[in-house]
Number of protein chains: 2
Amino acid sequence: MPYRAPLADFRFILDHVAGFDAVAATELFAEATPETVEAILGEAGKLCENVLAPLQREGDLKPATLENGVVRTTPGFAEAYRQIAEGGWVAISADPEHGGMGLPLTVATAVNDMMSAACLSLQLNPLMTQGQIEALEHHASEELKALYLPKLVSGEWCGTMNLTEPQAGSDVGALRSKAEPNGNGTYAITGQKVFISWGDNDFSENVCHLVLARLPDGAPGTKGISLFLVPKFIPDENGNPGRRNSLGVVSLEHKMGLHGSPTAVMQYDGATGWMVGAPHGGMKAMFTMMNNARLGVGVQGIGVAEGAYQHALAYALDRKQGNTPVEGGSGTIVDHADVRRMLATMKAETFAARAIALNLAVALDMARATGEADWAARAALLTPIAKAYGTDTGINVASLGMQVHGGMGFIEETGAAQYLRDVRVTAIYEGTNGIQAMDLVGRKMMDNGEAACRQIEEIQTGAEAARASLPALAEDVWNAAEAMREGTEALVAQGLNDRFAGAVPFLRAFALVLGAHYHLRAAVAEGTQGGPRTRLAAFFIKRLLPEHAALLAHAREGAADLYALSPEDLSA
Amino acid sequence: MPYRAPLADFRFILDHVAGFDAVAATELFAEATPETVEAILGEAGKLCENVLAPLQREGDLKPATLENGVVRTTPGFAEAYRQIAEGGWVAISADPEHGGMGLPLTVATAVNDMMSAACLSLQLNPLMTQGQIEALEHHASEELKALYLPKLVSGEWCGTMNLTEPQAGSDVGALRSKAEPNGNGTYAITGQKVFISWGDNDFSENVCHLVLARLPDGAPGTKGISLFLVPKFIPDENGNPGRRNSLGVVSLEHKMGLHGSPTAVMQYDGATGWMVGAPHGGMKAMFTMMNNARLGVGVQGIGVAEGAYQHALAYALDRKQGNTPVEGGSGTIVDHADVRRMLATMKAETFAARAIALNLAVALDMARATGEADWAARAALLTPIAKAYGTDTGINVASLGMQVHGGMGFIEETGAAQYLRDVRVTAIYEGTNGIQAMDLVGRKMMDNGEAACRQIEEIQTGAEAARASLPALAEDVWNAAEAMREGTEALVAQGLNDRFAGAVPFLRAFALVLGAHYHLRAAVAEGTQGGPRTRLAAFFIKRLLPEHAALLAHAREGAADLYALSPEDLSA
């Protein structure tokens, strides 16, 4: 299962589709020159190809286990993690003040893409730490920052997120974990948390848990929740791991995939914690972390899509088939129109999802570097789209990859099935894709759809500029954007629950139109002679984009017909 | 994971959507009165609920194993198989002359649906035997029939299909297995076959393999292939299992799912076989078997969809969520519009796929009972649609079922993930869904689309009749059928490889339009007051049917743009 880092694709998207030059032109990111970025991505690519990719199947076959309360990780993971940490790959976008490279998130996003493709279950570990660093940078006290950030950034310590409880999943406000003041500035944290990715490991000196819990005077629901940093080992006066905290792993889950990543049930029994952010301000702090984590999880889907695509393409180019339907064919199954349709779909969707994610990363970098509200609004709009479309693309592409393999796709030794089993959870965790869609049509459209309409306008402006060189494709994209505008206007005129009823198809329609927009940009950049990117753009725009109309029709239906289907109807 | 046989749904579809009364009115199937059918389905339902469903997870956790060349099946499977055999459920549509019940295939289809939902991996065993019975009934000599059919029909012996070889999957004509005449009317079969479902077991007296192989004078390709019956034990003079034949299981595959079903690599070393059908007529005989098997596999998808739906619905009705978005809600996640959208999608797609499968079964029964070519042509047209849409629906519904479960969906104990892992292969085996689509636009349209247009006309006639009571839904269905007609005309005007390039989206469009047609029939049958079926029909027609337009646009594109994307482009 060899993996080749798609460096040319990143380069092209950064240069021609995501407008990375604007990021490099800011003072904050002046060091992110093309040469530096190329060197960084090249190094990360080597690590992924040579160190991580060989562990992908190991993680599946030799899952993490729990032995007498101790998590034992997949053989090879510890050494690979050491290389990730020592290479500085845990947090390349972290503040240099704490040892980070201070590189744009856009660069980190490309690195995460490659690491996800190479070994998703191990990559999830630093992704969690990245989220924690982000939350601490924004919300922790200076003392906590000084103590924890250098260790997290260097990868000596790992970070986790503890939100979910058995009765509180998407409904975070239902959580019951308690935090009682110890009278010395610390808190005693008690409760059970479930689905904690990388809840423990046997290769980092410490594991730091960010835990949502309720203070004694915390109101019910999300408004009464606070955030606490609860380390496995309490740092001593020198900042080294000291006394064992009263927390532990109760059990690990037996999952469909992602076996190399231990998913823990965590028990906190009056564990010592430190508050991060304001009392009852836990959700706000958590959202900082979750927004970047949502981009990160979307990128997991994209990375897996890339891995599954390369894997299926290699098979299609190798697998002999007697009768070739085309003159001068290679005699392998890639000669078959339906196989080529599948491969083209995989490649075109992966490009679209990657372009969306990198445009989001650029918006986040620009918002940080310039402080301009427009960039922040754009990033907020794109976040749920990047998460849901990225992960849906991972699932769809992995499933197509199995299909390209025919019968071999169902056989585990082939590796095609693992991509699907691993990536399936990405549509669920970090906010299900349904939650993402509700975020898009709810919170992200509280501005009456203004940010959405600005985005649509950008698409139409791009299409107008493309009319001269690519009239047919430009016309399709312009029209799809216009349908999207009408769909958005119709949506914001609806009540909230009517919007929710069409949220998932609406989000997908938006993603298709954005994807078409970025494909068109790529085609324009290729120039009037055309080339592979223009051909791929035509494939996406002519064959996949048309679905947006059906999705928008679906989204307009409102909620009434759904509720007319009563639980009794559904049970009949 | 309780399962409830959807008897009311079968009854309703048979009575109001699939026109089963025509079957019962034939002389051949005069015994299939409503009372008999109801009794049969009720009994089968009990077996599925009480005996098979409890084994579903057992099969996953305790896969079949190979020990010193002997296959050991999942604990409990042997006893459950005994009950299937003794109840006469292996082959209820087999000829009474050989011990079958002689019931319509339509009834067998409903039984297969329930058995697939309850325990897919065990159900695959009698499904294989059913295909073998069908092939022998049509093509075997009287001696072979008299010897084998009673044992197969009673379930004392099991049957398998041996087509695939390592280098010959979808490209069956590439097979290398040889058959040399022994001079006594038997043949010596030599070769290796792979992906042989239920290649052996430890609960039937004998296992009979239908093996494709090439006679010494067989031409290359599919035209030189013959079919042989090769039993594990050669029947003695009394027809009892005698001498062990020189064949065996080399290994079992490690698969993504369907663990309870042993998938074998089979080795034949001069094994004694008997020819079935004419020399070099193997493909013709195999197609008899494969056509019914394709319906059977489509129904596997539908059964799994039903199981996954029931499972997700039970979870949604039980899982508490703090804030209900609707007044008077139940306080569980079913109150949420997006959850209801998922459940409605699952139920509406399952109904559509089931209605297509049962209409196909009725067409096969009518073709057999009346000998009319129109029924046969209709069945031929519907076969690839039922297979591909049934299995795609199984996959889509199982994946939605996981999503309804949220984080729990990824945890194996829940059972939701197993449905997806098990059903994924149904889109691959028995002819991949790509092969089905190519069959639809190729072989099944060699009549210039006449059979397709007759089917479309039936849809429009139905829509016209529905205009009085359900004008809005009828209008949508009529228009979609009209688009389908235009799409079909455009398709048959294309060259074969252009058709192939759009085959998969074309098939799906056809399935959606057929599904809408059957939903509309169900709504009309419910009468002017409306009811749950009318509400579900509205959901399908308003929200899911619109995708047909995008799919037809995709299908019209032809092959040129796909081949313009060269292997170099795809590798870039």
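How many salt bridges does the rule count over all chains? The count comes to 60, where a salt bridge is a side-chain nitrogen of Lys or Arg within 4 Å of a carboxyl oxygen of Asp or Glu. A quick note before the views: this is a predicted model, with local features needing pLDDT of at least 70, side-chain atom pairs counting only at pLDDT 80 or more, and totals for chains, interfaces and linings using all residues. Residues are numbered from 1 along each chain as its sequence is written, chains are lettered from A and ligands numbered from 1 in the order in which they are written, and side-chain values use heavy atoms, leaving out hydrogens and water.

**View 1. A salt bridge inside chain A, D374(A) with R454(A).** Here the N to O distance is 3.8 Å. The pair ties together distant parts of the chain, 80 residues apart: D374(A) sits in helix α11 (residues 373-404) and R454(A) in helix α14 (residues 450-466). Helices are DSSP runs of H or I, at least four residues, and strands are runs of E, at least two, numbered from the N terminus.

**View 2. Where chain A meets chain B.** Each chain puts 84 residues into the contact, meaning heavy atoms within 4.5 Å. Together the two chains bury about 7500 Å², with 61% of that on carbon and sulfur atoms; buried area is the accessible area (1.4 Å probe) lost on being put together, summed over both parts. On the chain A side, F410(A), R543(A) and L570(A) lose the most area to chain B, together 12% of what that side buries.

View 3. Between chain A and chain B the count is four salt bridges.
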